[in-house]
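We will go from stop to stop, selecting as we go.

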Amino acid sequence: MNRPGTMSSHTIAVLVENKAGVLARVADLFARRGYNIVSLNVAPTTDPTMSRFTIVVDAESAPIEQIVKQLFKLINVVEIAQLGPPDVVERELILATVEAPQESRSQVLELVDIFKGRILAVSTGKLTVSMEGTPDKVNDFEALLSDYGIVEVQRSGVMALPKVGRPVPRLRAGSAEPTV
Amino acid sequence: MTTPGQRIDGASALIKSLEAADVEVMFGYPGGAILPAYDPILDSGIRHVLVRHEQAAGHAAEGYAHATGKPGVVVVTSGPAATNVVTPLADAMLDSVPMVCITGQVALPAIGTDAFQECDTTGITRSITKHNTLVTRAEDIPMAIAEAFHIATTGRPGPVLVDVPKDIVSPANPDAWFDWYWPTELNLPGYQPDMTPSASSIADAVELIRSAERPVLYVGGGVLKARGAEALLALAERTNTPVVTTLMARGAFPDSHELCLGMPGMHGNYTAITAIQQADLLIAMGSRFDDRVTGKVGAFAPGAKIVHVDIDPAEHGKVRRPDVSVVGDCRIAMEQMLTRLAEVGGAEAVADHTAWRSTLSGWQEKYPLTYDREATGELKPQYVLERLAELSPDDTIVTSGVGQHQMWASQYWQFDHPYTWINSGGLGTMGFSVPAALGAKMGMPDRTVWAVDGDGNFQMTGQEMITATVENIPIKVALLNNSYLGMVRQWQELFYDRRYSEVSFGRDFPDYVKWSESMGAVAFRVEDPDEVDDVIAQANEINDRPVVVDFRIAEEENVYPMVPAGGSNDDVIVDPSQQSMLDADRAAGALGADRRAASKESQR
Ligand SMILES: Cc1ncc(C[n+]2csc(CCOP(=O)(O)OP(=O)(O)O)c2C)c(N)n1
Ligand SMILES: [Mg+2]
């Protein structure tokens, strides 16, 4: 599986009607057609009738164009924005519990500090830390932490918004061509 | 009459909504959860056809939709009834058949408790419906039904399922009462199918069409869905372009027309298959590059540019990347192409296809569909179908099951009218023909409807002859009885060394004549070729009862031509009587020269 932020993954923001079962519809579509989801995030928007999915898809499993078109066949999908790296701000949150015995504790703390992370919980020999950043940065942080021994890790998956003033190709229901 | 604003209960509102959606006939089967909705059916003008198995309700609705263009309607109860309609829903999904299916569901408080006859109907049918929905408030019923009909019939048509919990249609429940309304506006912000192609895509398509030297119109079921047969005829004639009609499109272009090449694909005829292989332009019109047409995709029409016209954007580039993608309704697209052609100079502006046409007619002469007509003592299925087509009215509607008989019917019936051929192409559902014939006859009561069926198929849904008798739907069944699961036997013969595994049905059971008679049909048995005409004539005379003719055909007849699954269309196997000639032609390189030149060019 590809990590978010790597070359072969694509980020799409999918605006959906906030209706029962819509998460299952999206998940089902990916499963049925053999598209890989790298990460998936869903939350309501300012319009309470709509939710937005941020989905990072593995573009090696299928052409992104085909994935987008298939998603659009779901009646509840209203708008899809393809978020390419130059046009978006992307963030991800990581929580990790790491081995931090006396000998290496200060090095772990230093690492967290360099990455502007935070210490969330402390126990003898272990630390639970958090860090927020671009998917790349989160990848680096996780890789460096793993040298000390990761006990448990949870990543939020990518959330993304278009950069202010940047046009983002948005596909709307009822138009085959992307509109900007 | 309930007027807007008048109090109404959910059950009455459900039936009233169907009336408001102009439903004339529905196919169904009652049961616990849907019981409340069956009461107002008694007072409704909608004709309800009580089938003998819910699967048949679904296929009947499909047959009705295919024949009339109107959505087919199914009403069944929860749990096992909902699972029984799974097959026809999947069938309608793959063949883009407009259908609205209403399923009962256990009462809202019981959902999720594994209640009696509960199943997750919307979950089970999610991937085999265009859309589905669980209604949770009685007052949402009219909106849900209106949306279901809109979604089922617009854009690329398909099945829509509406799951209705029992308590919201129970008049005893005070919460199931509301003020009647019929929505004038729908709330579907994510659903606006694009009917009209972009002008630039039409112009680009016309440019390719004008310059093509060896074009083929590769016509699929989308042309029929778009009511586009007339526009197709005009476009083909204006551009002098030969036409192949896929299994889903038989009848969309008249077989008797000089430009018609017939069916391509796994059991298509040599000329249709080879025309595609050697074309320099394929105009894919409402067709979807199905694997049964393309064979090995990488070897499909290797020298052809592609113009793909389809209303579903996701079909464009799914299998083969088009050179020009025309997203929109096929009829509108073809009309616009004709307009554009006129603008740029009409028929004179199109390249000359004389050489191409004469190549094609050469192949047609050399490699026509054929079978051993001289065989004695055996009843050939192809002969039966030729006679049936000849002796039945010109506008007869033919439905079919799935198997060898389906392929022979598609090959040997001459289809000269749209909406006269109804079959299960995408899902390949055995048991389709008899219930589909019921639906077609309900929709087109004045037309002769013949179900061409196989013995295996008839044993799956033959019980619906009871429905035909009891509901007075006089369909006719031509049972091409080879006492085998013939299509499977053919594969075992050709690809498994004649090791016949679980395909023999035997001649003796059931006795189709007795069985059919017990279901109220007039039944005949035909074993001798000399009896064929007489029995068909008698069967065609009967209009007040269903008819079944048990044609005892040759047991081990094979369907040819054949492209082995996954093989290249270039390696099509023709009838044994033609194969050595074809092998010689191939060895001499007499075929395919044009294309090799063409593909070299396109590589440059
Ligand atoms: C529901 C279902 N089960 C199995 C198949 C696989 N299958 C395709 S054709 C066929 C044989 C059909 O036999 P019959 O009805 O006798 O028709 P014939 O091929 O002999 O004309 C079978 C088993 C299918 N298409 N559908
Ligand atoms: Mg058979």
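## Stop 1: a glutamine in chain B

Select Gln105(B) and Asp163(B): their side chains are joined by a polar contact of 2.8 Å. A polar contact is a pair of N or O atoms within 3.5 Å; within protein, one must be able to donate a hydrogen and the other to accept it, and residues adjacent in sequence count only if both atoms are side-chain atoms.

Before going on, some ground rules. This is a predicted model, where local features need pLDDT of at least 70 and side-chain atom pairs count only at pLDDT 80 or more, while totals for chains, interfaces and linings use all residues. Residues are numbered from 1 along each chain as its sequence is written, chains are lettered from A and ligands numbered from 1 in the order in which they are written, and side-chain values use heavy atoms, with hydrogens and water left out.

Stay on Gln105(B). It sits in strand β5 (residues 99–105) of chain B. Helices (H or I, at least four residues) and strands (E, at least two) are DSSP runs, numbered from the N terminus. Is Gln105(B) buried or exposed? Gln105(B) is buried, at 3% relative accessible area. The cut-offs are under 20% for buried and over 50% for exposed, with partly exposed in between (1.4 Å probe, protein chains only).

Now show what surrounds Gln105(B). Beyond its neighbours within four places in sequence, its contacts include Ala33(B), Ser78(B), Cys119(B), Leu134(B) and Val164(B). Contact means heavy atoms within 4.5 Å.

## Stop 2: the magnesium ion

Select ligand 2, a magnesium ion. Which residues coordinate the magnesium ion? They are Asp455(B) through OD, Asn482(B) through OD1 and Tyr484(B) through O, at 2.0 to 2.1 Å. Donors are N, O and S atoms within 2.8 Å of the metal (3.2 Å for Na, K and Ca); water is not among the atoms, so sites may look incomplete.

Check the sequence panel: the donor spacing reads D-x26-N-x1-Y. Asp455(B) belongs to helix α18 (residues 455–461), and Asn482(B) to the loop between β18 (476–481) and α20 (486–495). These two link distant parts of the chain, 27 residues apart. Asp455(B) is buried at 2% relative accessibility. Asn482(B) is buried too, at 4%.

## Stop 3

A salt bridge is a side-chain nitrogen of Lys or Arg within 4 Å of a carboxyl oxygen of Asp or Glu. The whole structure holds 38 of them over all chains.

- Select Arg331(B) and Glu335(B). Their closest N and O atoms are 3.2 Å apart. Both lie in helix α13 (residues 330–343), four residues apart, about one turn of the helix.
- Select Asp140(B) and Arg137(B). Here the closest N and O atoms are 3.0 Å apart. Asp140(B) is partly exposed at 25%, and Arg137(B) is partly exposed at 44%.
- Select Arg447(B) and Asp395(B). Their side chains meet at 3.4 Å, N to O. Arg447(B) is in the loop between α17 (433–443) and β17 (449–454), and Asp395(B) is in the loop between α15 (381–391) and β15 (397–400), so the pair ties together parts 52 residues apart in sequence. Arg447(B) is buried at 19%, whereas Asp395(B) is partly exposed at 31%.

## Stop 4: where the chains meet

Color the two chains separately. The contact takes 22 residues from chain B and 20 residues from chain A. About 1,800 Å² is buried between them, with carbon and sulfur atoms giving 50%. Buried area is the accessible area (1.4 Å probe) that two parts lose on being put together, summed over both.

How many salt bridges cross the interface of chain B and chain A? The rule finds three. Then select Lys73(A), Arg156(B), Asp312(B), Glu315(B) and Lys318(B), which a network of salt bridges links.

## Stop 5: chain A

Chain A has four helices and ten strands, in the order β-α-β-β-α-β-β-α-β-β-α-β-β-β. Of its 180 residues, 44% count as buried.

End on Ser9(A), in strand β1 (residues 9–17). Ser9(A) is buried, at 13% relative accessibility. Draw a distance to Asn36(A): the C-alpha atoms are separated by 9.7 Å, and the residues are 27 apart along the chain.
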